[in-house]
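Below is a note for a colleague who is meeting this structure for the first time. The points are numbered and can be read alongside the model.

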Amino acid sequence: MRIISGKYKGRRISAPKNLPVRPTTDMSKEALFNIINNHFNFSGLKVLDLFSGTGNISYEFASRGSAPIVSVDGDFGCVKFIKQTASEFDFDIAAIRSDVFKFLEKHKGSYDIIFADPPYGMDQASFDKVIKLVFENELLEEDGMMVVEHSKYTPLDHLIHFSYKKSYGGSFFSFFEFESNEAQDIEEGTEEE
């Protein structure tokens, strides 16, 4: 994986081959960060990275000056690798080994950006639950944004706080904000007239 921008632009990070992950592609990651860049100044953003895998997304935020960053994954090897990489680059990343659902139910804190990249094979109800827990437990700042990476087989646009989605290759990013679906529909309708 490669860091696209920021202090460590161009640096490659090689994760161990045996980690149970499907990293976000560079093309998708670049597109995602261009969208986020239109809404936020990266410096000092508080970020929560769920199902963080190799830490690919966390490193990109950290390279751009975001901090603190909390990365949560259930796999021991993934968390160990994130801790090692964060130490090597002096990134402000706290890697936590935990079941993501248990973490969301108990965690106290709020973030400007919450990114979630659950396994594509996870069932629809579990995808829905991740988003519901974030909003029910007030983990997202009022002007914050949640981004969920998923496949075309897992629609998320039926959920409250859904804002819009973008597709890149076989990956989709769905964006969630505190603006309601109705407000978004009205804005889109106005633009089309």
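1. Asp90 sits in the loop between H3 and S3, where helices (H or I, at least four residues) and strands (E, at least two) are DSSP runs numbered from the N terminus. Its phi is near 60 degrees, a positive value in a residue other than glycine. Asp90 counts as exposed, at 70% relative accessibility; buried means under 20% relative accessible area, exposed over 50%, and partly exposed in between, with a 1.4 Å probe and protein chains only.

2. On the source: this is a predicted model, in which local features need pLDDT of at least 70 and side-chain atom pairs count only at pLDDT 80 or more, while totals for chains, interfaces and linings use all residues. Residues are numbered from 1 along each chain as its sequence is written, and side-chain values use heavy atoms, with hydrogens and water left out.

3. With a relative accessibility of 15%, Phe51 counts as buried.

4. Helix H2 (residues 56-63) should be read together with helix H1 (residues 26-37), for their axes come within 12 Å and cross at roughly 45 degrees; the axes are lines fitted to C-alpha atoms, for helices over the stretch in contact, and angles run from 0 to 180 degrees between N-to-C directions. The two helices are therefore oblique to each other, given that angles under 35 degrees count as roughly parallel, over 145 as roughly antiparallel, 65 to 115 as roughly perpendicular and the rest as oblique. On the H1 side Lys29, Leu32, Phe33 and Ile36 meet Asn56, Ile57, Glu60 and Phe61 of H2, contact meaning heavy atoms within 4.5 Å.

5. How many of the residues of H2 are buried? Eight of the eight are, so H2 is largely enclosed by the rest of the structure. The cover over these buried residues includes H1, strand S1 (47-50), strand S2 (69-73), helix H3 (76-89), strand S3 (93-97) and strand S4 (111-116). Just after H2, Gly65 takes a positive phi of about 100 degrees, and in the loop between H2 and S2 lies Pro68, whose peptide bond from Ala67 is cis, with omega near -5 degrees.

6. Lys46 belongs to the loop between H1 and S1 and, at 26% relative accessibility, counts as partly exposed. Not counting residues up to four places away in sequence, Lys46 touches Ala67, Pro68, Ser110, Tyr111, Asp112, Ile113 and Glu141. With Glu141 there is a polar contact of 2.9 Å between the side chains; such a contact is a pair of N or O atoms within 3.5 Å, where, within protein, one must be able to donate a hydrogen and the other to accept it, and residues adjacent in sequence count only if both atoms are side-chain atoms.

7. His150, in strand S5 (residues 140-150), is buried, with a relative accessible area of 2%. The side chain of His150 makes a polar contact of 2.7 Å with the side chain of Ser174, and a polar atom of the His150 side chain lies 2.9 Å from the backbone oxygen of Thr154. Leaving aside neighbours within four places in sequence, the residues in contact with His150 include Tyr120, Phe127, Leu156 and Phe172.
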